[in-house]
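I opened this notebook to record what I looked up in one structure. The entries go from the chain as a whole to single residues.

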Amino acid sequence: MAEKRDYYEVLDISRSATEVELKSAYRKMARKFHPDINKDDHAEERFKEVNEAYEVLSNVERRAAYDRFGHAAAGAGAGGGDPFGGFGGGSPFSDIFDSFFGGSNGRQRAAAPPRGADIQVGVSLSFEDAVFGAEKEVEVDRLETCDVCHGTRMKDGKTPPTCGNCGGSGEVRRVQQTILGQFMTSGPCSVCQGEGVTITDPCDGCRGRGRRRQYRTIEVSVPAGVDDNATLRLTGQGEDAPGGPGGVPGNLYVKIRVKPHKIFERHGKGIHSQVGINVAQAALGDECEIETIDGPVMFRIPSGTQSGQQFRLREKGVPDLRGGSRGDQIVTIQVVTPKKLSEDQRALFEELASSLGSDIQQQPNSKGFFGRVKDALGAKA
Ligand SMILES: [Zn+2]
Ligand SMILES: [Zn+2]
């Protein structure tokens, strides 16, 4: 077993760090190594280490003992020989994380740390923002740990006194004598309502609740390629847990709505558009400008282009959200027949008509087999 690191070193704070500094260092480290965020192999281990360090240093008695005697005295990780077991019933974090990660140390399960509520908000994006990504701001209204008392609920951030009735466990055990022998029963402490502490001098900032409602503007980095109806998760940006820094903040979920574009339509990574050309361009071919999401590009329409024919502009579609190749743009050609003709144009069409003759071509039954295959290939984005 590797040698245990110093708790102050784990949280990157000085030995004289205040409760506030300790809490803020813990939050920073816990977010950094949270296994939901950090996919590094050692993140889970570091996350446990951070929680263990915080668990000891946030408790006044345990911190004092750790300062004097080191790891042995603090009891964490000492295999059940916790000298302060009476205060908190062992090490709640190690139990929780062992159960999360499939291990078991055979000890009694402690209650899960309180978790803050998740928040859901919506954000509306332009078509371009969804394709290229954007920095957006969302407004949230969330409960945060009170910044006056830092969640202690007491005036001036004092540590609330341990409940004298239950000794801080929040639970009271009674031995009952019955005809069948002695029974041990336990229930929540009636003095502190199971909280283990008594709020003798409540904080003015939160009226002793430990959390306050705050309006925040949160920056959201929308990744390039996000589609309508996608949801982004911002871990830890939900509400803070009740009961101070030992809890886990909830998540912020941002639901994406993408506004329609006036000329482009999206199908997965493909962008579809329609271009109208005249009969002369269709028959003779032409060099023309076609709008893409990156701006206009020159495109050579081949002679003999039919209405409904599709062309593919490589890599003018939507970037891959997971870093793969960019999609294509599919341009569908519409041959637009003129509705009004000038004298000159009419004369030219009449000349053309006599040259082309008046035979009508019988087309095969809707689309033949090859036509369907060709269309399917052309339309695939
Ligand atoms: Zn407060
Ligand atoms: Zn109590």
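**Entry 1: the chain.** I noted at the outset that this is a predicted model. I looked up the secondary structure and found eleven helices and 13 strands. I then checked burial: 22% of the 381 residues count as buried. For contacts with a separation of 6 or more, I recorded that 61% join residues 24 or more positions apart.

**Entry 2: a sheet.** I traced an open sheet of four strands and wrote down its order as β8-β9-β13-β12, with mixed pairing. I asked which strands stand at its edges. They are β8 (265-267) and β12 (310-313); each has a single partner strand, so one side of each lacks a neighbour in the sheet. From one strand to the next, I recorded a twist that averages 35°. I then followed β8 to its partner: β8 and β9 (residues 270-278) are joined by three bridges in the antiparallel sense. Within this pair, I located R266 opposite I271 of β9.

**Entry 3: helix α2.** I compared the span of α2 (residues 19-33) with expectation. Next I listed the buried residues of α2, which are L22, K23, A25, Y26, M29, A30 and F33. I asked where they lie around the axis. Their arc is only 165°, which means that they share the same side of α2. I also looked up what these buried residues pack against, and found α1 (7-11) and α3 (43-57).

**Entry 4: two residues with positive phi.** I looked up H150, a residue other than glycine, and found a positive phi near 55°. I placed H150 in the loop between β2 (134-145) and β3 (171-178). Is H150 buried or exposed? I counted 21 other C-beta atoms within 10 Å of H150; the threshold for burial is 20 or more, so H150 is buried.

I then turned to R207, also not a glycine, whose phi is positive and near 55°. R207 belongs to the loop between β4 (181-188) and β5 (211-222). I applied the count of C-beta neighbours here as well: R207 has 11 inside 10 Å. Exposure requires 12 or fewer, and R207 therefore counts as exposed.

Conventions: Residues numbered from 1 in each chain as written. Chains lettered and ligands numbered in written order. Predicted model: local features only at pLDDT ≥ 70, side-chain atom pairs only at ≥ 80, totals over all residues. Contact = placed C-beta atoms within 7 Å. Pairing = 2+ DSSP bridges. Axes fitted to C-alpha atoms, helices over the stretch in contact; angles between N-to-C directions. Arc of directions from axis to C-beta.
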